[in-house]
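Here is a short briefing for a first look. Keep the sequence and the model side by side as you read.

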Number of protein chains: 2
Amino acid sequence: MQPIRFVVKVGGGKAINHDLVADDVAHLWKQGERFILVHGGAAITNEVATALGHPPRFVTSLSGHTSRRTDRRTLEIFEMVYCGQLNKAWVERLQARGVNAIGLSGIDGRVWEGPRKEAIKVIENGRRMVVRDDFTGKVERVNLALLRLLLDAGYLPVLTPPAISYESEAINVDGDRAAAAVAAALGAESLIILSDVPGLLRHFPDEASLIPHIARNGLEAALGFAEDRMKKKVLGAAEALAGGVRKVVFADGRIAQPLQGALAGRGTVIE
Amino acid sequence: MQPIRFVVKVGGGKAINHDLVADDVAHLWKQGERFILVHGGAAITNEVATALGHPPRFVTSLSGHTSRRTDRRTLEIFEMVYCGQLNKAWVERLQARGVNAIGLSGIDGRVWEGPRKEAIKVIENGRRMVVRDDFTGKVERVNLALLRLLLDAGYLPVLTPPAISYESEAINVDGDRAAAAVAAALGAESLIILSDVPGLLRHFPDEASLIPHIARNGLEAALGFAEDRMKKKVLGAAEALAGGVRKVVFADGRIAQPLQGALAGRGTVIE
C-alpha cells in the first residue's frame with residue numbers, strides 16, 4: 001500500500017487546459033506517484049441544460065452561498081454531463097497517455113455517501129422560501145476500501161459528482177468539498193485545486209493580486225474577499241485541513257505542468 | 001472465486017420495465033448469484049441527439065446491417081446518455097435495492113478493447129461510400145482481471161458501451177455482442193438478452209409466433225427472419241456460443257422476474 005501524496009481537483013471552467021493537465025497527470029503517474037483525480041463540469045452543464053430546454057437555476061442560501069437548484073430533471077442532465085461526457089473524456093484522455101484510468105461517480109460503489117438536505121431554505125428572486133424537491137447534500141463518508149482496491153491494482157480513479165444519499169438517491173454535492181473529503185480519508189499530504197485563475201486573488205479578476213500564502217487561521221478572512229465560485233473552494237480547503245491534510249494549493253489549470261507547479265508551491269498555498 | 005453463472009444484457013427499448021428488471025437482479029444477487037449486467041440505450045440517445053440538434057443517422061453496411069453513424073459529436077452524445085444518464089440510473093436503482101453496483105463503460109480500465117474500423121463501407125441514401133471519420137469498432141478483449149477484482153470484492157459491475165480502441169479512442173460497439181464477449185471471457189453458462197419482445201419471433205411483431213428453442217445450427221436460418229434490431233442479437237448469440245457459453249436466452253424485459261424466467265427457459269433458448 002503506497003501512500004497517497006495528493007488529491008487533484010480540476011474545475012469545470014472552460015479556460016482550463018485539459019490536455020496540459022492530463023499530460024502532467026500522466027507524467028507524475030508514470031514516475032510512480034499515486035493519487036486521485038476529481039473533476040467538475042458546471043459550465044458545460046449549464047449549456048446542455050439550456051439546449052435541452054431546462055435552463056439552470058441558482059438559489060442563494062440564507063448564509064449567502066449560491067448553489068444549483070437541482071430538481072430531478074436537472075440531476076439527470078447533471079449526470080449526463082459530469083458522468084457521461086466529461087468523465088469519459090477524462091478517462092479517454094488519460095488512457096491515450098498510458099494511464100489506466102477508471103471513471104466513477106460518487107454513486108458507484110457508494111464512493112461518496114452523505115445526507116440529502118431534506119429541505120433547503122433559500123432566497124430566490126429576493127423571496128425566502130423552502131424547497132423540498134431538491135437533490136443536494138454533502139459527503140460524509142468515502143469508500144476508502146474501493147479507492148484503495150483500484151489504486152493497489154494499478155488504476156487511477158477519476159471521480160465526479162453526484163454522490164449518493166443514505167437513502168440511495170443521487171445527490172448533487174460540491175466537487176471541491178468532495179475532493180477535500182477524499183484527501184482527508186486517504187490521509188493525503190496535499191489537496192490541489194485547479195481552476196481558471198492562478199489562485200486566490202485579493203481583487204478578482206486582477207491576477208496580479210494573487211495571494212501566495214495563507215495561514216490556516218487566515219482562511220476566515222479569505223472567505224471575505226473570495227469571489228463567489230472561490231468561496232466553496234475556501235470552504236473545501238478548510239475542511240481538508242480540519243481532516244488532517246497538511247496543505248491545500250489553489251493553482252492555475254490553464255498552464256503547462258500545473259500539478260508539478262502546485263506541488264512546488266506555485267499558486268496560493270494554504271497550510 | 002465464485003463461478004459466474006450468467007451475464008445479463010438489458011436493451012435500451014422504452015417498453016422495458018427497468019424497475020422489474022432491477023427487482024429481479026437484486027433478488028438473485030441477494031441469493032448469492034454473481035453476475036454482470038450490461039445495458040444499452042439507443043432509443044434515448046436518438047431523442048437526446050435530436051434535442052441537441054445533432055439528429056441520429058444510420059448507415060447500412062454492404063452486408064446489410066444497419067448501424068449508427070458515429071462521428072465525434074455523436075460519440076459524445078452517446079456517452080452522455082449511455083454512461084451518464086442511463087448507467088447512473090441503473091446504479092442508483094440497484095443501490096436503492098441494496099446491491100452495491102458500480103457502473104463502468106468499456107473505456108474505464110479498458111474493460112472492452114478492440115479495433116476501430118479504419119474505414120467503413122456503407123450504403124447511405126442508396127449510394128455506396130467510404131466513411132473515415134466514424135468511431136465504431138468491436139470488442140476483442142475483456143479486462144477479466146478488473147471484473148473479477150470487483151466481483152470478488154462484492155460489487156456488481158454494470159457495463160455499457162462505448163469500448164476503447166487499441167489506439168485509445170472511444171468506439172461505439174454493439175452492446176449485445178459486447179455482452180457476449182463478457183460471457184465468453186467469464187466462462188459463464190448463460191447469456192440472457194432482455195428486450196421489449198418475448199424472444200425471437202418468426203413473424204415480427206406477432207408475439208404468438210415466439211420460437212421457444214433454436215439449436216445452435218439453426219442460428220443461420222434465424223438470421224433470415226430476425227427483424228433488424230434482432231439480427232445483432234442473433235450474431236451476439238452465435239459469438240457467445242462460439243466462445244463457450246452453453247446457452248443464450250432471448251427474453252422479455254417488460255415482465256416481472258424476467259431473469260428467473262429466462263433462467264427457467266422462458267423466451268427463446270438457443271443451445
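The notes below cover symmetry, the contact between chains, and some backbone details.

This is a predicted model. A rotation of 180° superposes chain B on chain A, with an RMSD of 0.0 Å. The contact between the chains takes 29 residues from each of chain A and chain B.

**Symmetry**

- The rotation that brings chain B onto chain A is 180°, and the shift along its axis is 0.0 Å.
- The two copies are therefore related as by a two-fold rotation axis.
- Both copies use the same surface: 100% of the contact residues of chain B recur in chain A.

**The contact between the chains**

- Chain B brings 29 residues to the contact, and chain A brings 29 residues.
- On the side of chain B that touches chain A, the elements giving two or more residues are α3 (72–95) and β5 (101–105) of chain B.
- α3(B) gives the most to this side, with 11 residues.
- By type, the residues on this side of chain B are 15 nonpolar, eight polar and six charged.

**Cis peptide bonds**

- In chain A, Pro161(A) and Pro162(A) are joined by a cis peptide bond, with omega about 5°.
- Pro162(A) sits in the loop between β10 (156–160) and β11 (163–165) of chain A.
- In chain B, a cis peptide bond links Phe204(B) to Pro205(B), and omega is about 0°.
- To find Pro205(B), look in the loop between β13 (190–195) and β14 (213–214) of chain B.

- Arg110(A) is not a glycine, yet its phi is positive, near 50°.
- The loop that holds Arg110(A) runs between β5 (101–105) and β6 (112–114) of chain A.
- Arg110(A) counts as buried because it has 21 C-beta neighbours inside 10 Å, and the cut-off for buried is 20 or more.
- Gln257(A) is also a residue other than glycine with a positive phi, here about 45°.
- Gln257(A) belongs to the loop between β15 (247–252) and α8 (258–263) of chain A.
- Gln257(A) has 16 other C-beta atoms within 10 Å, so it is partly exposed.

Conventions
Residues numbered from 1 in each chain as written. Chains lettered and ligands numbered in written order. Predicted model: local features only at pLDDT ≥ 70, side-chain atom pairs only at ≥ 80, totals over all residues. Least-squares fit on C-alpha atoms with pLDDT ≥ 70 in both. Contact = placed C-beta atoms within 7 Å. Helix = DSSP H or I, 4+ residues; strand = E, 2+ residues; numbered from the N terminus. Buried ≥ 20, exposed ≤ 12 C-beta atoms within 10 Å, placed from the backbone. Nonpolar A, V, L, I, M, F, W, Y, C, P; charged D, E, K, R; others polar.
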